[in-house]
Amino acid sequence: MSADVSEVIQKLELPPLRTLDDFALGSARFQLPNLKDFDKWGNRVVKNLIYYQTNYFLMFITIYGIMVIFNPFKIVCGLLVQAMMMAVLLQFFQKKNRILASHSAADNQKWYMLAGALLVGYLFLHFFDALLLSGFTLLLPFSLTFVHASLRLRNLKNKVANTMVNLSASTPMAVFLDTFNIAADSLLN
């Protein structure tokens, strides 16, 4: 398993950073997609995700960094409370396959779970604004990426580069999309 992951990581190639003029300014063309044709819209999104992946990664880091600079305490607290919520939920819904040695150990574990759930509930209510801010901080770059990929019309350079990416080594976005079984329909669409 780890050998497969290390082989994939060694074969990854980071595509070039596209110019700001090509990404969002002068030569960029934007248009609402045809909302009735989901296949064509999805194909446009996938192709733009592959072509502008370095720009999207830089945009994600920039937006996330700016949000962390303005509200570091709230974002860190929100992420910690989210991690604690996940830990308590995973522990609560974990299958009990192991046999406990004594009855008192099982009772103690129940009390620890109750204390953990109460603590997480209190922290959830106390840091609710921090939870919302940390969630917004994570979702804003993804939303902007999806909106840009949906609205950005492809040009000839984009189509040729996507053909070359499909025929050459893999990129991080191609591996990510492949993980979710998302593929563009054809090479030159």
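User: Let me start with Q53. Leaving aside its neighbours within four places in sequence, what is Q53 in contact with?

Analyst: Once those neighbours are set aside, Q53 is in contact with P15, N48, T171, P172, M173 and A174. Keep in mind that this is a predicted model.

User: Which helix does Q53 lie in?

Analyst: That's helix α4, which covers residues 53-70.

User: And is Q53 buried or exposed?

Analyst: Buried. Q53 has a relative accessible area of 6%, and it counts as buried because the cut-off is under 20%.

User: What does the side chain of Q53 reach at 2.9 Å?

Analyst: The backbone oxygen of I50 sits at that distance from the Q53 side chain.

User: T171 was in that contact list. How far is T171 from E13 in space?

Analyst: C-alpha to C-alpha, E13 and T171 are 5.1 Å apart, although 158 residues separate them in sequence. E13 belongs to the loop between α1 (2-11) and α2 (20-23). With a relative accessibility of 46%, E13 is partly exposed.

User: OK, zooming out. How many helices and strands are in the chain?

Analyst: The chain has 9 helices and 0 strands. Read from the N terminus, the elements go α-α-α-α-α-α-α-α-α.

User: How much of the chain is buried?

Analyst: Of the 189 residues, 30% are buried. The chain exposes about 13000 Å², and 72% of that comes from carbon and sulfur atoms.

User: What share of the contacts comes from residues 24 or more positions apart?

Analyst: Taking the contacts with a separation of 6 or more, 84% are between residues 24 or more positions apart.

User: New topic: which residues does the UniProt annotation "transmembrane region" cover?

Analyst: According to that unreviewed entry, residues 49-67, 73-90 and 111-128.

User: What does the model show for residues 73-90?

Analyst: That span is 100% helix and 0% strand, and its end C-alpha atoms lie 26 Å apart. For residues 111-128, the chain is 94% helix and 0% strand, with 25 Å between the end C-alpha atoms.

User: Where does G116 lie?

Analyst: G116 is part of helix α6, residues 103-126. Its relative accessible area is 19%, so G116 is buried, given that the cut-off for buried is under 20%.

User: How far apart are G116 and M85?

Analyst: In space they're 9.1 Å apart, C-alpha to C-alpha, and in sequence they're 31 residues apart.

User: What about the surface: which residues form a nonpolar patch there?

Analyst: M86, L89, L90, F92 and F93 make up that patch, and together they have about 590 Å² of accessible area.

User: Let's pick L90. Is L90 buried or exposed?

Analyst: L90 is exposed, at a relative accessible area of 61%. The residue is in helix α5, residues 72-93.

User: Last topic, charges. How many salt bridges does the structure hold?

Analyst: There's 1 salt bridge in the structure. It joins the side chains of D129 and K74, at 3.1 Å from N to O. This pair links distant parts of the chain, with D129 in helix α7 (residues 128-151) and K74 in helix α5, 55 residues apart.

User: How exposed is D129, and how exposed is K74?

Analyst: D129 is partly exposed, at 40% relative accessibility. K74 is partly exposed too, with a relative accessible area of 36%.

Key: Residues are numbered from 1 along each chain as its sequence is written. This is a predicted model: local features need pLDDT of at least 70, side-chain atom pairs count only at pLDDT 80 or more; totals for chains, interfaces and linings use all residues. Side-chain values use heavy atoms; hydrogens and water are left out. UniProt positions are given in the numbering used here, feature names are shortened, and annotations may be inferred rather than shown by experiment. Helices (H or I, at least four residues) and strands (E, at least two) are DSSP runs, numbered from the N terminus. Buried means under 20% relative accessible area, exposed over 50%, partly exposed in between (1.4 Å probe, protein chains only). Contact means heavy atoms within 4.5 Å. Accessible areas come from the Shrake-Rupley method with a 1.4 Å probe; for residues, only the protein chains shown count as cover. Patches are made of residues with over 30% relative accessible area and no salt bridge: like charges are joined within 9 Å, nonpolar side chains (Val, Leu, Ile, Met, Phe, Trp, Tyr) within 5 Å. A salt bridge is a side-chain nitrogen of Lys or Arg within 4 Å of a carboxyl oxygen of Asp or Glu. A polar contact is a pair of N or O atoms within 3.5 Å; within protein, one must be able to donate a hydrogen and the other to accept it, and residues adjacent in sequence count only if both atoms are side-chain atoms.
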